[in-house]
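Please try each task before you read its solution.

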Amino acid sequence: MENQNTSNNEFIFIVRCGEVALKGMNKPYFERMLLERIRKLLKKFDGVRSYRHEGLIYVRAEKFVDGITTEEESRERKNAIIKEIGKVFGVASISPAYECESTMESIGETAVKYMFEAIEERGVKTFKVEAKRADKNFPVKSPDIARQIGAAVLKGCKVLKVDVHNPDVRLFVDVRHDKSYVYQDKIPGFGGLPLGTNGKGMTLLSGGIDSPVATWMMAKRGMLIEAVHFHSYPYTSPRAQEKVEELAGIVSTYCGRFKMHVINLLPIQEQIVTNCPEEETTILVRRFMMRIAQELAKATDCGMLITGENLGQVASQTAEALVVTDASVQMPVMRPLIGMDKVDIMELAQEIGTYEKSIEPYEDCCTVFLPKHPTTKPKLDRILASESKLDCEKLIADAIANEEIVNIYPV
């Protein structure tokens, strides 16, 4: 463990693991992956170090570094660090904390100092102390710690009163073997599992609301991401692709940089329109997209496909259509949004920051050659008969041979 000397020139953040804490014998592996991801995201900040200790992750950051000279700038730095930590999948909550020696006197002095600042900054009037004794050898039990520290705060901050039901500040005291911590906030993270702990998936990424959210949800489960985007240039504009790249950049702030394979689907669509029944166009195009995604997934060590499909939302997403779509590939297809209401998907898109970009009015390939009356209950034998009129293997190979690869970086 690294040196933990208390310093008035340091911010200290306690980072709690979510599901990682339930992983039994595998817990150290998940914690290491989580710590690695936190360190990676915090590289942009000078004077920051992170480490594991007693089932928690600690982040320590110097309050003042080059270019930061005022208290306001230092607070902005603190908030920016919290925001970055909060993006890390596997983080359940973050607490900015004060550190002190594990003695009742030191804890009491630290609690008084903390509450003085709370009075000055937020005008709090009531509080409640909650104590946890992680070090069971500490001579004072948790309820007594709470009572004695509460008494110290009342004596040191005479304007305060105790309110055990609805306090302005809930003051937490965490007593550990070598150090103790005093804090108020438990800022929620997204939870989930650390990136890289659950394989890799190929996501079919469009410019709509759903697929970026589906991608984010699978990354939250620890899955590394690679993406494929389909366009129909010149029927779809370069600006439509730029929109998808910007959306991908927002998603990558959570899941790290990744590659996006860009495929022109127009030659395939033209062959389908020329040779196949109009009402089958949508489902046939979708099957080609899945096959192309599968070939790209095999070539990039992805174990499954990811789509933003939602049961019954459009003609190609009825139960019958999804069965026929899945029959085109051998690889598992993950649909994390399958049973969600559209309103819930939109709310999550707003929370992760993709919604405003998604609703920009640029066309995508799925709107090109859209049939007036698409089939909603396709039959696999009829779809296979229509595909027999096409040179499917050549169309797929040509599409992949002309792919463009775009490297996506966090915005």
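## Exercises on salt bridges and a core

K44 is exposed, with a relative accessible area of 57%, where exposed means over 50%, buried means under 20% and partly exposed lies in between (1.4 Å probe, protein chains only). The model is a predicted one, in which local features need pLDDT of at least 70 and side-chain atom pairs count only at pLDDT 80 or more, while totals for chains, interfaces and linings use all residues. Residues are numbered from 1 along each chain as its sequence is written, and side-chain values use heavy atoms, with hydrogens and water left out.

**Exercise 1.** Find out which side chain meets K44 in a salt bridge, and where in the chain the two residues lie.

*Solution.* Begin with the term: a salt bridge is a side-chain nitrogen of Lys or Arg within 4 Å of a carboxyl oxygen of Asp or Glu. The side chain of K44 meets that of E84, at 3.3 Å from N to O. K44 sits in the loop between helix 1 (27-41) and strand 2 (48-53), whereas E84 belongs to helix 2 (residues 71-86), so that the pair, 40 residues apart, links distant parts of the chain; helices (H or I, at least four residues) and strands (E, at least two) are DSSP runs, numbered from the N terminus. Finally, E84 is buried, because its relative accessible area is 10%.

**Exercise 2.** Describe the salt bridge of K357 with E246, and then name the network that holds these residues.

*Solution.* Next, K357 is placed in helix 11 (residues 355-358) and E246 in helix 6 (residues 238-255), 111 residues apart. K357 is buried at a relative accessible area of 17%, whereas E246, at 29%, counts as partly exposed. Lastly, a network of salt bridges links R239, E242, E246, K357 and E360.

**Exercise 3.** State which residues touch the most other members of the largest nonpolar core, and which helix gives the most to this core.

*Solution.* A nonpolar core is a set of buried Ala, Val, Leu, Ile, Met, Phe, Trp, Tyr and Cys residues joined through side-chain atoms within 4.5 Å. The largest one has 32 residues, and I292 and L305 touch the most other members. Helix 8 gives the most to this core, with 10 residues. Leaving aside neighbours within four places in sequence, I292 is in contact (heavy atoms within 4.5 Å) with residues including F230, I268 and I400.
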